[in-house]
Amino acid sequence: MDERAALARIEAELPGAGDDAAVVDGLILTTDMLHDRADFPAGTTRYTAGWRAVGASLSDVAAMGAEAVGTVAAYGAPDLAWDEIAAFVAGARAVSEACDGAYVGGDLDVHDEFTVATAALGRADDPVTRAGAAVDEAICVTGTLGRTGAALRLFEAGDVERANDLFRFQPRVAAGRALAPFASAMMDSSDGLAVSLHQLAAASGCGMAVETPLPIDGAVDEVATDAADRRELGCFVGEDFELVCTVPVADLDAARAACPVELTRIGTVVADGVTLDGEALPDRGFTHGRARSGSA
């Protein structure tokens, strides 16, 4: 059973599961686990690992349109070297503070593979879920797509400084808060644009018709071999942690004006099907079953 199949089974058992985060008495609670082989390519610094691991949980808070309150991390590694722990904590604190939240600690343990479990707490009066998109609404995405795909190519090429920079994404907490009054449905693109569109469609009982050009990050053009490769990096690699949302067309200008980052319309909500330029868009993206080479 793969990750998505297991999550589907869990959602069937737990009616409150299925969104980017859980809602408990007005609080937003989420947790993530990242580990060396699947999530941190060779050359990933511990500072970047701290930023990225905690940022993944903050991205779930953002997807609910919530403000960040606090974050924690449990850190396991074969060797509890202080310089690596200090760098990790510095990255975790920096990304939390960038989202107006507080990194408040966590736990340490010896583990045979570098592994991090993080959690974030947020607050929202009216959280935005994945269910709520309606036919004829605009489909939008924040920022640009493909940063992680480009970073992976740069790690492979040995340009680890630039790759680490691209890996330290900005969780869209401020954008999520700004979009919350306008978005009918929203989630983050942690598993890739294609998977996000399929998940929004399934949760809302509708379809998604997306058209090019997509807002592909400039770094992708530096590493992509051709148009098909560019599409692969932008749509399917995942872990860009941008927000994918649906907005009533009448509110689109106001949503763009309120959003602190670029908000691009990429399509329209339709009755059924998920397509890109009229062709079926595969439901394919990042999965934790895929291993990568370990971090430095």
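In which sense, right-handed or left-handed, does α3 pass α4? To find out, start with this pair of helices in the viewer. Bear in mind throughout that the model is predicted.

**Stop 1: two helices**

Select residues 46–63, which form helix α3, and residues 82–98, which form helix α4. Look along the place where the two axes come within 6 Å; they cross there at roughly 40°. The two helices are therefore oblique to each other. The crossing of α3 past α4 is right-handed.

Now show the side chains between them. On the α3 side the contact includes R46, Y47, W51, V54 and L58. On the α4 side, E84, F88, V95 and S96 are among the residues that meet α3. Sorted by type, the residues of this contact come to 12 nonpolar, 4 polar and 2 charged.

**Stop 2: the sheet of five strands**

Next, display the open sheet whose 5 strands follow the order β1-β2-β5-β3-β4, with mixed pairing. Select β1 and then β4 (102–110): these stand at the edges, and each has a single partner strand, so one side of each has no neighbour in the sheet. On average, neighbouring strands here are turned by 20° against each other, ignoring direction.

Zoom in on β1 and its neighbour β2, residues 27–35. The two run antiparallel and are joined by 3 bridges. To see one of these pairings, pick A22, whose bridge partner in β2 is L29.

Helix α3 lies across β2, β3 (67–77), β4 and β5, and runs at about 40° to β5. Helix α4 also packs on this sheet, where it touches β3, β4 and β5; its direction makes about 150° with that of β4.

**Stop 3**

Select R130 and D20. Their side chains meet in a salt bridge, with 3.1 Å from N to O. R130 is in the loop between β5 (115–123) and β6 (138–142), while D20 is in the loop between α1 (3–13) and β1 (22–24), so this pair ties together parts that are 110 residues apart in sequence. Side chains of opposite charge can pair when their charged atoms come close. The count for the model is 12 salt bridges.

**Stop 4: a second pair of helices**

Move on to helix α5, residues 147–157, and helix α6, residues 160–167. Their axes are 8 Å apart, and the helices pack at an angle of about 160°. That angle makes α5 roughly antiparallel to α6. Here α5 passes α6 in a left-handed crossing.

In the contact, R147, L152, L154 and F155 are among the α5 residues, and V160, R162, L166 and F167 are among those of α6. The contact residues divide into 9 nonpolar, 2 polar and 3 charged.

**Stop 5: the sheet of seven strands**

Now colour the open sheet of 7 strands, in the order β7-β9-β6-β10-β8-β11-β12. Its pairing is mixed. The edges are β7 (185–188) and β12 (279–280), each of which pairs on one side only.

Start with β6 and β9, which run antiparallel and are joined by 4 bridges. A138 has V247 in β9 as its bridge partner.

Which strands lie on either side of β8, residues 207–210? One is β10 (residues 263–270), paired with β8 in the antiparallel sense over 4 bridges; find V210, which stands opposite G267 in β10. The other is β11 (residues 274–276), paired with β8 in the parallel sense over 3 bridges; find A209, whose bridge partner in β11 is T275.

**Stop 6: two details of the backbone**

Most residues other than glycine have a negative phi, and most peptide bonds are trans. Two places to check against this follow.

Select T212 and P213: the peptide bond from T212 to P213 is cis, with omega near 5°. P213 sits in the loop between β8 and α9 (218–223).

Finally, select E239, which is not a glycine and yet has a positive phi of about 60°. E239 belongs to the loop between α10 (227–235) and β9 (243–247).

Notes
Residues numbered from 1 in each chain as written. Predicted model: local features only at pLDDT ≥ 70, side-chain atom pairs only at ≥ 80, totals over all residues. Heavy atoms only, no water. Pairing = 2+ DSSP bridges. Axes fitted to C-alpha atoms, helices over the stretch in contact; angles between N-to-C directions. Parallel < 35°, antiparallel > 145°, perpendicular 65-115°, else oblique. Left-handed = near helix turned anticlockwise from the far one by under 90°. Contact = heavy atoms within 4.5 Å. Nonpolar A, V, L, I, M, F, W, Y, C, P; charged D, E, K, R; others polar. Salt bridge = Lys/Arg side-chain N within 4 Å of Asp/Glu carboxyl O.
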